[in-house]
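Subject: Structure handover

Hello,

Here is the structure for your files. My notes on it follow below.

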Amino acid sequence: MASVYEYPVDGFTPTAEDVASVEAWFARYDDLAMKVDGEAMADMAMFPLNEVTDDSAGNGFAEQVTREEYVRQMAETMGAPGEVSMESVRKPIFLSKNLVFVVTDAVMTYGGQSHIARYGDLLVKKDGEWVFQTMVQGGWGDMRKAARQGA
């Protein structure tokens with residue numbers, strides 16, 4: 001007997017084209033990220049954007065950010081074009097035809113050092129196009145709290 005977790009509630013099963021559309025979205029986003037084009041990256045989002053993380057004390061932290069805050073964050077964390085390289089493996093988990101949560105395992109290299117990261121993004125369809133609405137990655141809570149306090 002199949003588990004209820006094997007089938008989405010609405011009966012949607014993604015096609016190869018559905019998966020390819022998500023892969024194409026990320027290829028475009030990754031290209032913009034490597035160019036550090038925060039404005040164009042922001043064009044691919046639905047604001048206010050939800051960001052979820054945790055801090056060094058083990059507490060979850062979530063906030064909504066505006067387009068302006070997101071662009072500033074990207075400028076602060078991405079460095080100059082060409083300073084960061086990234087290799088990613090992604091697993092899209094379709095919740096419905098118009099909602100997909102994508103788990104990414106990545107190796108980011110900057111300053112001659114490689115760092116392993118795992119993060120997730122919730123993409124939603126808006127006017128027939130994918131946009132990201134929620135970003136989830138551990139370890140950013142201390143920095144985000146300090147930014148909120150003006151430190």
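Is D30 buried or exposed? D30 counts as buried, because its relative accessibility is 17%; buried means under 20% relative accessible area, exposed over 50%, and partly exposed in between, with a 1.4 Å probe and protein chains only.

Before the rest, some notes on the source. This is a predicted model, in which local features need pLDDT of at least 70 and side-chain atom pairs count only at pLDDT 80 or more, while totals for chains, interfaces and linings use all residues. Residues are numbered from 1 along each chain as its sequence is written, and side-chain values use heavy atoms, with hydrogens and water left out.

Salt bridges

The structure holds nine salt bridges, a salt bridge being a side-chain nitrogen of Lys or Arg within 4 Å of a carboxyl oxygen of Asp or Glu. One of them joins D30 to R90, with the closest N and O atoms 2.9 Å apart. D30 belongs to helix α1 (residues 16-34) and R90 to strand β3 (residues 84-96), so this pair ties together parts that are 60 residues apart in sequence. Helices (H or I, at least four residues) and strands (E, at least two) are DSSP runs, numbered from the N terminus. R90 counts as partly exposed, at 24% relative accessibility.

E51 also forms a salt bridge, with R144, and here the closest N and O atoms are 3.9 Å apart. E51 lies in strand β1 (residues 45-54) and R144 in helix α4 (residues 141-148), so the pair ties together parts that are 93 residues apart in sequence. Both E51 and R144 are buried.

D55 sits in the loop between β1 and β2 (60-65) and K145 in helix α4, 90 residues apart, which links distant parts of the chain. D55 counts as buried at 11% relative accessibility, whereas K145 is partly exposed at 26%. Salt bridges that share partners also join E39, D43 and R67 into one network.

Strand β1 and its partners

β1 pairs with strand β6 (residues 129-137) in the parallel sense over four bridges; two strands pair if DSSP finds at least two bridges between them. β1 and β2 run antiparallel and are joined by six bridges. E51 stands opposite M135 in β6 and opposite E63 in β2. The hairpin of β1 and β2 has five residues between the strands, and in it G58 takes a positive phi near 85 degrees.

Backbone points to check by eye

Most residues other than glycine have a negative phi, and most peptide bonds are trans. The peptide bond from F47 to P48 is cis, with omega near 5 degrees, and P48 is placed in strand β1. V36, which is not a glycine, has a positive phi of about 55 degrees. V36 is in the loop between α1 and α2 (38-42) and is partly exposed, with a relative accessible area of 22%. D127 has a positive phi as well, near 55 degrees. D127 lies in the loop between β5 (113-126) and β6 and counts as exposed at 74% relative accessibility.

Regards
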